Amino acid sequence: MQKFMTETTEKKQTMLTQKQDMLEIRKFTKDSAPLIHCITNPISIHDCANIILAAGARPIMAEHPDEVEEITAEAAALMLNLGNITDARIASMQRALKAASQRNIPVLLDLVGVTCSRLRRDFARSLLSSRQISIIKGNISEILAAAELPFHGTGIDAGIQDAVSEGNEAWYCETARQLASYFQCTVMATGKQDLIANATEAFLVSNGHTALSGITGTGCMVGALTAAYLPGSRAIMQRSGSENNRNGSETTAALLGAITMGLAGERAAAVSRGPGSFQAALLDEIYCLTDEQLLSGARVRMA
């Protein structure tokens, strides 16, 4: 009984700290407008740029292999998105990751489509082998593929057989923690229920709306949004004065990205008539979301 009470108290304190840090990250992002370099696919590039702006950061979407190192060196965070992969983007991502690694710039890797081709899986593993990725993001099937476990994804969609449920939740949380430990990063599995984990902690976020799956690019957008919050997470790390806190602070950025996107989706669905108006409302809700709405609306628990 005493052990249970201690664990419950620790979880409550962890959640309180996470919420306080999320507010700090939001303020840092809006106050400092960090530059976020995104190498992403042309299908979602416009939406990713706009969601970064809505969060208060500044996007740059350069992808020519001969300029990405120079541009990454000036950025506060880097997002790499494997959607619609090409030879040029492969070369650009490799060079940009090298530049980010040399300057300790946080990197989010979005595993778009790794379940649909060996090319993407092999390339993703080569990037992950650098141990320089801050956040691995993907749907649950893509995360399973990154862990080299059986998966059921089709195209860029997660397989229904891979969905997180009450029955398999504990296994998924442990798998995500192990993957995060192996690659020394945060794992961010998005879906109906988002799973976010580092080597020692796992969180489940239940915010969101089915309308988010009715427009193209929302998965890429939450990756870009989370990348926009990474510089703020580094500011928290520096404030604490401990490099050991890096993964924990980056987990906070992932939580903030998932909760913000989910809440904005809920609020946008309430005022829109269809996918067109929903898309516009989604950006408005991200831009207008207050700290109070974030804290009161967040549905997150520590597993």
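User: Why is F183 called buried?

Analyst: F183 has a relative accessible area of 9%, and buried means under 20%, with exposed over 50% and partly exposed in between (1.4 Å probe, protein chains only). So F183 lands in the buried class. Keep in mind that this is a predicted model, where local features need pLDDT of at least 70 and side-chain atom pairs count only at pLDDT 80 or more, while totals for chains, interfaces and linings use all residues. Residues are numbered from 1 along each chain as its sequence is written, and side-chain values use heavy atoms, with hydrogens and water left out.

User: Which aromatic pairs turn up in the whole structure?

Analyst: The search finds two aromatic pairs. W171 and Y172 form an edge-to-face pair, 5.1 Å centre to centre with 65 degrees between the planes. Y182 and F183 form an edge-to-face pair too, at 4.9 Å and 80 degrees.

User: Why is the pair of W171 and Y172 called edge-to-face?

Analyst: Rings of Phe, Tyr and Trp (its six-membered ring) pair if their centres lie within 6.5 Å; planes under 30 degrees apart count as stacked, over 60 as edge-to-face and the rest as tilted. W171 and Y172 are at 5.1 Å and 65 degrees, so they pass both tests.

User: How do you know that the charge of R131 sits over the ring of Y182?

Analyst: The charged end of R131 is 4.3 Å from the ring centre of Y182. The rule asks for NZ of Lys or CZ of Arg within 6 Å of the ring centre and within 35 degrees of the ring normal.

User: Which residues does L282 contact, leaving aside its neighbours within four places in sequence?

Analyst: Contact means heavy atoms within 4.5 Å. L282 is in contact with L212, I215, T218, M221, M261, A264, G265 and A268.

User: Which helix gives the most to the lining of the largest cavity?

Analyst: That is α7, with four residues. Helices are DSSP runs (H or I, at least four residues), numbered from the N terminus. Both α6 (140-146) and α7 (169-183) supply at least two lining residues each.
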